[in-house]
Amino acid sequence: MAKRVPKIDVIHGEKREDDYFWLRQKDHPDVLAYLQEENAYTDAVMKGTEAFQEALYRELLGRIKEDDQTVPYRRGGWLYYSRTEKGKQYAIHCRKKAPDGPEEVTVDLNALAEGHPFIDLGAYVVSDDGRWLAYTIDLTGFREYTLYVKDLESGDVLPDRAEKVSTVAWAAAADTMFYVTEDHAKRAHRLWRHRLGAAADDLLYEETDELFRLWLWRSRSRAFLFAGSHSFTSTEVRFLSAVKPDGVWQVLQAREK
């Protein structure tokens, strides 16, 4: 049984008591000890079902195609796809010059996951010349993604980094990208421009209305970049020519309810 530690808050003249507020301290030794006790209790109660659990797991696994591959899509001179391998938990992202050509692995999530309890791939965008891959990785499970850039010719990951990134898009110039970051409440709100190797990035726009979230994408024609601010009742979109990364983002349609 979790211990009771009364905590009283007075809000608008009303007293509210929470005996379990201490459990919010996720890294506190008492919280970790309590969770370990709960897990041990669960294991003891469920011990008689271990054989059934394993049989059920094997049956479910037997209905899943572990060796699978997505339909390739063409971007520039490459065909991009991802595949899974039997016994591996995460996808392997690849590309080929031709359907029967040699495979090039761009991101192997299984390799990146080594030493971590979790991994998730967010953004995955390749520059127009096919050399640079911008991708975001979450290793926490809290959907907090870090931006990385990989040289697909050498296989090296550049020192360029950005934290709490939600969306990414390349300009037509292979050395310039744009990305959006989140605030403390996980609201995407700032648009940045980054040049490979630059020590500092340019803040281009900040969405100050807390009802709106910012989103970034490249048009299917590859001619334009769009940054959209979205709320539940309105949308506002800005655009920029993909060949003019130093240009001014212009409002396409101002927000209105």
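## Strand pairing and nonpolar core in a predicted model

The structure is a predicted model, in which local features need pLDDT of at least 70 and side-chain atom pairs count only at pLDDT 80 or more, while totals for chains, interfaces and linings use all residues. Residues are numbered from 1 along each chain as its sequence is written, and side-chain values use heavy atoms, with hydrogens and water left out.

**Strand 5 and its partners**

- Strands here are DSSP runs of E with at least two residues, numbered from the N terminus, and two strands pair if DSSP finds at least two bridges between them.
- The hairpin of strand 4 and strand 5 has two residues between the strands, and in this hairpin G76 takes a positive phi near 70 degrees.
- Strand 3 (residues 68–69) also pairs with strand 5 in the antiparallel sense, over two bridges, and D68 has T84 of strand 5 as its bridge partner.
- Strand 6 (residues 92–96) runs antiparallel to strand 5 and is joined to it by five bridges, with H93 of strand 6 as the bridge partner of S82.
- Six of the seven residues of strand 5 are buried, so that the strand is mostly covered, where buried means under 20% relative accessible area with a 1.4 Å probe and protein chains only.

- Three strands form an open sheet in the order 8-9-10, with antiparallel pairing.
- Strand 8 and strand 10 (146–151) are the edge strands, each pairing on one side only.
- Neighbouring strands of this sheet are turned by 25 degrees against each other on average, direction ignored, the axes being lines fitted to C-alpha atoms.
- Strand 8 and strand 9 pair over five bridges in the antiparallel sense, and D120 has D138 of strand 9 as its bridge partner.

**The largest nonpolar core**

- A nonpolar core is a set of buried Ala, Val, Leu, Ile, Met, Phe, Trp, Tyr and Cys residues joined through side-chain atoms within 4.5 Å.
- The largest such core has 15 residues, and those with the most contacts inside it are L109, L133, Y135 and I137.
- Strand 5 (78–84), strand 8 (120–126) and strand 9 (132–138) are the elements that give two or more residues to this core.
- Leaving aside residues up to four places away in sequence, L109 touches Y90, A91, H93, I119, L121 and I137, contact meaning heavy atoms within 4.5 Å.

Note on methods. Buried < 20%, exposed > 50% of the residue type's maximum accessible area, 1.4 Å probe, protein only. Helix = DSSP H or I, 4+ residues; strand = E, 2+ residues; numbered from the N terminus. Axes fitted to C-alpha atoms, helices over the stretch in contact; angles between N-to-C directions.
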